[in-house]
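These are my notebook entries on a single protein chain. I looked up its fold, its cross-links, its charged pairs and its surface, in that order.

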Amino acid sequence: IFGVVALFAGNFLGLMILMSSSFWLWELNEHWSVESPANLVSRSNISQVVLDADFERPSLSWYAGQRVPILTSAPNAEWILTKNPQKFDTLFPNRDCISTDREENWSLLFCDYSNN
């Protein structure tokens, strides 16, 4: 009986430590598929890409093979993943943003900041 209790307690404790650590990716409440933007990042071989979204997706960083932070954490990034490339013309009129690649409804933009 002691062995069964120890086994159950050990499993429970191990799962609690895993769930409270940063190694656990909680992706059960997905908002959109990360497959298309991850393919764009992987194809491009760019080292610093940011995501035009309200929150960061750890699974996107995992599938892209690099961390993909959100735009608000790196506002001067040159490479941007977005679903709405037209908004950059109105938000940043002094930046020249062009779409370099598309997949489904995602675009990879290069924004030139040399005009600042």
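**Entry 1: fold.** I read the elements along the sequence and recorded the pattern α-α-β-α-β-α-β-β for the protein chain. The model is a predicted one. I noted four helices and four strands in the chain. I also looked up burial: of the 116 residues in the protein chain, 34% are buried.

Entry 2: For the pair of strand 2 (residues 79–82) and strand 4, I found an antiparallel sense and four bridges. Within strand 4, Leu 109 is the bridge partner of Ile 80.

**Entry 3: disulfide.** I counted one disulfide. It joins Cys 97 to Cys 111, with an S to S distance of 2.1 Å. Because Cys 97 lies in strand 3 (residues 96–103) and Cys 111 in strand 4 (residues 106–112), the pair ties together parts that are 14 residues apart in sequence. I looked up the handedness next: the torsion about the S-S bond of Cys 97 and Cys 111 is about 115°, so the disulfide is right-handed. Are the two cysteines, Cys 97 and Cys 111, buried or exposed? Cys 97 has 13% relative accessibility and counts as buried; Cys 111 is buried as well, at 1%.

**Entry 4: salt bridges.** I found four salt bridges in the structure. One of them is between the side chains of Glu 103 and Arg 43, at 2.8 Å from N to O. Glu 103 lies in strand 3 and Arg 43 in helix 2 (residues 35–44), so this pair ties together parts that are 60 residues apart in sequence. I noted that Glu 103 counts as buried at 18% relative accessibility, whereas Arg 43 counts as partly exposed at 43%. Arg 43, Asp 101 and Glu 103 are linked in a network of salt bridges.

I next recorded the salt bridge of Lys 87 with Asp 52, whose closest N and O atoms are 3.0 Å apart. Lys 87 lies in helix 4 (residues 87–91) and Asp 52 in the loop between strand 1 and helix 3 (58–64), so the pair ties together parts that are 35 residues apart in sequence. Lys 87 is partly exposed at 27% relative accessibility, and Asp 52 is buried at 18%.

I also looked up Arg 67 and Glu 56, whose side chains meet in a salt bridge of 3.0 Å, N to O. Arg 67 is in the loop between helix 3 and strand 2, and Glu 56 is in the loop between strand 1 and helix 3, eleven residues apart. Arg 67 counts as exposed at 53% relative accessibility, and Glu 56 is partly exposed at 30%.

**Entry 5: surface.** Which residues form a nonpolar patch on the surface? I recorded Phe 8, Phe 12 and Met 16, with about 370 Å² of accessible area together. Phe 8 is found in helix 1 (residues 2–20). Its relative accessible area is 60%, over the 50% cut-off, so Phe 8 is exposed.

Definitions and conventions. Residues are numbered from 1 along each chain as its sequence is written. This is a predicted model: local features need pLDDT of at least 70, side-chain atom pairs count only at pLDDT 80 or more; totals for chains, interfaces and linings use all residues. Side-chain values use heavy atoms; hydrogens and water are left out. Patches are made of residues with over 30% relative accessible area and no salt bridge: like charges are joined within 9 Å, nonpolar side chains (Val, Leu, Ile, Met, Phe, Trp, Tyr) within 5 Å. Accessible areas come from the Shrake-Rupley method with a 1.4 Å probe; for residues, only the protein chains shown count as cover. Helices (H or I, at least four residues) and strands (E, at least two) are DSSP runs, numbered from the N terminus. Buried means under 20% relative accessible area, exposed over 50%, partly exposed in between (1.4 Å probe, protein chains only). A disulfide is a pair of cysteine sulfur atoms within 2.5 Å. Two strands pair if DSSP finds at least two bridges between them.
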